[in-house]
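Please keep the structure open while you read.

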Amino acid sequence: MTTAVAFARARAGCALRCAARCVETSGTRAPTSTARRPGTSARARRRLVAVRSAARPTFVTTPIYYVNDQPHIGHVYTSTVADACARFRRARGEDVFFLTGTDEHGLKVEQSAGKRGIEPQALADENSAKFRDVMTSYDISFDDFIRTTDARHERQVRALVKLLQERDAVYLGQFEGWYDEGQEEYYTESKAKELDYKSPISGKDMVRSSEENYYFRLSKFQKELEALHANNPEFLTPSARRNEMIARLNEGLNDVPISRTNFKWGIQMPEDEKHVIYVWIDALMNYITAIGLGDGKDDAVYAERSKYWPASVHIMAKEISWFHSVIWPALLMALELPLPQRVHAHAFWIREGRKMSKSLGNFVDLACMNRFKEHYGLDAMRYYLAVEGPIGANDANFSAERVQEIYSSDLVNTLGNSVSRTTAMVNKYFGGEVQSEESNGARVTFENWDWPARTSSSVQDAMNAYDKLDLPRAAAAAKQIVMDVDIFITETEPFRMAKDESKRAELSACLYQCLESLRIACVLLEPLMPNKMAEFDAGVGLGEGTLDERTKWGGLKPGTKVQKLALFPRVEGLNENGEPINSS
Ligand code: MSP
C-alpha cells in the first residue's frame, strides 16, 4: 500500500475541509537548518529553537521556477513574500516547513539544451544552481530546495500517477486540440478562438495537434471544485482571482491530457515508455513529494515531514492560479489527500505600465536587481518589494524613483533616524544604559501617550496583516509606531528635560518609552528586514520568546546596555537600470 493510500484512509472524509488541519503529527522533526540560515542572529536562532517544539506545523511554498528562464524580480518577489510569511510564522512559534525549488522537465528545456549542444540535465543543473544562489543571496530561509529531477521526486511522481491510474482517475485516450507550444498548454476550441488562436503569453500561433494521451478525469471533480470555491472564500485569494476561477468553472471542465509523446525530457508514465508525464502534473506534485507523501509509510522523510500536509499556503503569481486552484485540488481529491488551506496568487511587477517581457527587453533582471541590492542593501530592497509589490490584484510598477523615495522616507528619515536619535540620547544622558520608566514604584506617563495601548493596537494590526499576507499593511503598522515616537520626541522634548536635574525620572521614562516602542516596531519588521533587525538586536535587543511575548510592553529591561545605531545611511538615487544617475 503506498503512503498516499495509507494517508488517504487515515484522513478519509476530510478532503474538502480545507480550513481544518487534518494531519496528525507522525514523528518528531529534526531541527531544520536555522543554524545556517542567513539573516538570523545567534540570539534569534536560540529563540527559534526554543519555540519550535510542540508547535503547530505550517507549510509555506513558492512555485518551483522553470530552469529555462533566468531569475528576475518576479522570482525574487514571490520568494521574498513567502519568506516573510515563513519568518513571521516561525516567530509566532509555529513549526514551519518552507519549500522552494526548480521545475526542470519539458520540451522547452530539451530544446534549449539542444541549441547549446548540451544534455537537458546539464542545463537544468546550471540554471537550478542559479535559482538556488538567488534564494541564498536574498536571504530566503527555505528548509528544502526540491528539483523535479531529484530521484526522490521522480520516484514518487511515478507512484502517485500509478495510484491515479489504479483509481481510474487517469485513462488512455485520443486527443485533438489547440496547443500553445511555448507554454506547453492545450486550449479548448472556444478558448483558442477567443484568443484568436494565438498564445496569450508569446503571441505565437497555436498549432492544431492530435495525440494519444493519458487523461486526468478533471470533469469528474466539477461539482466538488465548484463547492470548494463557493464555500471557501479564503481558499483562493485575492477575491478577483477567485471570481475568475468560478467563472471558468462555470464554463464546464474537460478531462485534461497529462502525458506527452513529442519529447523525452520528463518522467516516464508508469509502464509506458512512449509517454512522459506532463510537466505541470510533475511540477505540482513537488509539494507532496518533498514531504514524502508518495513514498512508503516507513520512509524517514515521510515520518518527519508528513505532518506538514496540507500546505498552509501556496504563494505564486496570477498566471498559474488555474493550475493551483483547480487542477491541483482535483489531483489531491483523486489521491484522497487533504487540500491546501490557501492559494495566494498575487499580481505582476510591471515596468512603465507595461508587462515585463523578453521581447520588450524591460525585465528587471537579476543583474539589475543586484545593483539595487548592492547600493541600498538587501533589507532595504526586501522592504521596497514588500511595501510596493503587487501582493493583491493590481500590478505594481517597478520604479527606481520609488525605491529612492521609500528608502529615504521610511528607512533613513523615519526608522533609521528615530533609532539613531533615541540610542544617541540614551548614550548621551545615561551612559548607554536603559533606565526604568518607573519612579517610586509607578509608571511615569505623558498626557495622551498611552504607549502600551498604542503599540498593542499596532501589533494587532501588523499580526492580522501578516496573517493575510498583506505586507504593505504590516509594514505600515510598524512604521506608525516609529512616526509616533518622532512626534512624541518633538512634543516632550527630552533634550530640554536633560538640562533640568529635577526632570531625571521624566527623562528616563521618556527615553524608555521611545526605545521600547522602537523595539516593538523592529520586532514587527523582522520578517521583512532580518539583517537590519539583527543589528538592532545586537545594539539594543529585540527580546526573547514568541512574537506575542516579544511584542508585549516591558520587554526591554532597565540596565540593558545600548549602542548608538545608524541603521540606514543616506545614499543617492539610481537610474532605472540600477546605475548611478550621473554615470555616462
Ligand atoms: N514552473 C512553473 C511553476 C510550477 S509550480 C508547481 C512556473 N515557473 S516560472 O519560472 O515561470 O515562475 C512563475 C512565477 O514566478 C510566478 O507565478 C511568480 O511567482 C513569479 N513571477 C514571474 N514573473 C513575475 C512578475 N512579473 N511579477 C511577479 N511575479 C512573477 O510558472
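This is a predicted model: local features need pLDDT of at least 70, side-chain atom pairs count only at pLDDT 80 or more; totals for chains, interfaces and linings use all residues.

1. The elements that give two or more residues to the shell are β1 (57-66), α3 (73-91), α10 (279-284), α11 (286-289) and β12 (313-317).

2. Which residues come nearest to the ligand? They are Ile64, Tyr66, Thr78, Asp103 and Trp349, out of 24 residues around it. By type, the shell divides into 15 nonpolar, seven polar and two charged residues.

3. Now look at polar atoms. A backbone N or O atom of Trp349 lies 2.9 Å from a nitrogen atom of the ligand. For Ala317, a polar backbone atom is 3.0 Å from an oxygen atom of the ligand. Glu319 uses its side chain: a polar atom there lies 3.1 Å from a ligand oxygen atom. How much of the ligand's accessible area does the protein cover? The protein covers 93% of the 670 Å² that the ligand has on its own.

4. Turn to the second largest pocket. Its volume is about 620 Å³. The pocket is lined by 28 residues. Tyr186, Thr188, Arg248, Asn254 and Val256 lie nearest its centre. Two or more lining residues come from each of β4 (170-180), β5 (185-187), α7 (189-194), β8 (256-257), α10 and α13 (321-334). Helix α7 gives the most, with four residues. The lining divides into 14 nonpolar, five polar and nine charged residues. Note that α10 also gives two or more residues to the shell around the ligand.

5. Rolling a probe the size of a water molecule over the atoms shows where empty space is left. The structure holds four cavities of 30 Å³ or more. The second largest cavity has a volume of about 50 Å³. Its lining is made up of Tyr383, Asp410, Leu411, Leu415, Ala475, Ala478, Lys479, Val482 and Leu525. Helices α16 (400-430) and α18 (471-492) are the elements that give two or more residues to this lining. The largest share, four residues, comes from α18. By type, the lining has seven nonpolar residues, no polar ones and two charged ones.

6. A search of the whole structure finds 26 aromatic pairs. One of them joins Phe59 and Trp309, and this pair is edge-to-face. The centres are 6.1 Å apart, with 70° between the planes. Why does this pair tie together parts that are 250 residues apart in sequence? Because Phe59 lies in strand β1, while Trp309 lies in the loop between α12 (300-305) and β12.

7. A cis peptide bond joins Trp309 and Pro310, with omega about 5°. Pro310 sits in the loop between α12 and β12. Another cis bond runs from Thr237 to Pro238, with omega near -5°. Pro238 is in the loop between β7 (236-237) and α9 (239-250).

8. Last, a backbone angle. Is phi positive or negative at Asp139? Phi is positive there, about 55°, although Asp139 is not a glycine. Find Asp139 in the loop between α5 (120-137) and β3 (144-147).

Note on methods. Residues are numbered from 1 along each chain as its sequence is written. Side-chain values use heavy atoms; hydrogens and water are left out. A residue is near a molecule or strand if one of its heavy atoms lies within 4 Å of it. A polar contact is a pair of N or O atoms within 3.5 Å; within protein, one must be able to donate a hydrogen and the other to accept it, and residues adjacent in sequence count only if both atoms are side-chain atoms. Accessible areas come from the Shrake-Rupley method with a 1.4 Å probe; for residues, only the protein chains shown count as cover. Ala, Val, Leu, Ile, Met, Phe, Trp, Tyr, Cys and Pro count as nonpolar, Asp, Glu, Lys and Arg as charged, and the others, Gly among them, as polar. On a 1 Å grid over the protein atoms alone, a cavity is a set of points where a 1.4 Å probe fits but cannot get out, and a pocket is an open set with protein on both sides within 12 Å along at least five of seven lines; lining residues have an atom within 4 Å of a point. Grid points are joined across faces, edges and corners, and a volume is the space filled by probe spheres set on the points. Rings of Phe, Tyr and Trp (its six-membered ring) pair if their centres lie within 6.5 Å; planes under 30 degrees apart count as stacked, over 60 as edge-to-face and the rest as tilted.
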